[in-house]
Amino acid sequence: MPNIKSAKKRVITSKKKAERNTVGTSSMKTAIKKCEKAISTNDKEMATTALNTAIKRIDKAQSSGLIHKNKAARVKSRLTKKKNEME
């Protein structure tokens, strides 16, 4: 445990930031998995809505610095490609 006041504050802010980052990445991953599941079941309507949600979550994670912009583009591209091949 830190003794200096600023170090104590840093511990608290680091925890908050880590929690926020975890929520962002896990919600992104969940949206991606839901999209892939909808695509595998060949449900076009559900796949479209799941893809839109996944893209929104991916963009949010990328803009907040949780993932690199190239990874975001790659994941979005792969999901869109899978969805288009389904049709």
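Colleague: How do you know that lysine 76 and aspartate 59 meet in a salt bridge?
Modeller: This is a predicted model. In it, the N to O distance between the two side chains is 2.7 Å. The cut-off is a Lys or Arg side-chain nitrogen within 4 Å of a carboxyl oxygen of Asp or Glu. The 2.7 Å value is within 4 Å, so the pair counts as a salt bridge.

Colleague: What makes this pair a tie between parts of the chain?
Modeller: Lysine 76 belongs to helix 3, and aspartate 59 to helix 2, residues 44-63. The two are 17 residues apart in sequence, so the bridge ties those parts together.

Colleague: Why is lysine 76 called partly exposed?
Modeller: Its relative accessibility is 23%. Buried means under 20% and exposed means over 50%. Lysine 76 falls in between, so it is partly exposed. Aspartate 59, at 29%, is also partly exposed.

Colleague: How many salt bridges does the whole structure hold?
Modeller: The search finds 2. Lysine 82 and glutamate 36 also meet in a salt bridge.

Colleague: How do you know that lysine 82 and glutamate 36 qualify?
Modeller: Their N to O distance is 3.4 Å. That is within 4 Å, so this pair passes too. The bridge links distant parts of the chain, with lysine 82 in helix 3 and glutamate 36 in helix 1, 46 residues apart.

Colleague: Are these two residues buried, partly exposed or exposed?
Modeller: Both are partly exposed. Lysine 82 has 39% relative accessibility. Glutamate 36 has 34%. Each value lies between 20% and 50%, so neither is called buried or exposed.

Colleague: Which residues gather in the patch of positive charge on the surface?
Modeller: Lys29, Lys33, Lys71, Arg74 and Arg78. Helix 3 gives the largest share, 3 residues.

Colleague: Why is glutamate 85 called exposed?
Modeller: Its relative accessible area is 57%. Exposed means over 50%, so the label holds. Glutamate 85 lies in helix 3.

Colleague: What is the pattern of the protein along the sequence?
Modeller: It reads α-α-α. The secondary structure comes to 3 helices and 0 strands.

Colleague: How does the radius of gyration of the protein stand against that of a compact globule?
Modeller: The protein has 17 Å. A compact globule of 87 residues would be near 12 Å. The value is thus above the globule figure. Along the principal axes, the C-alpha atoms fill a box of roughly 60 × 20 × 15 Å.

Colleague: What share of the residues is buried?
Modeller: Of the 87 residues, 22% are buried. For that label, a residue must have under 20% relative accessible area.

Terms used
Residues numbered from 1 in each chain as written. Predicted model: local features only at pLDDT ≥ 70, side-chain atom pairs only at ≥ 80, totals over all residues. Heavy atoms only, no water. Patch = residues over 30% accessible without salt bridge, like charges linked within 9 Å, V, L, I, M, F, W, Y side chains within 5 Å. Areas by Shrake-Rupley, 256 points an atom, 1.4 Å probe, with all protein chains shown as cover. Lys, Arg positive; Asp, Glu negative; His and termini not counted. Charge placed at Lys NZ, Arg CZ, Asp CG, Glu CD. Helix = DSSP H or I, 4+ residues; strand = E, 2+ residues; numbered from the N terminus. Rg over C-alpha atoms; globule rule 2.2 N^0.38 Å. Buried < 20%, exposed > 50% of the residue type's maximum accessible area, 1.4 Å probe, protein only.
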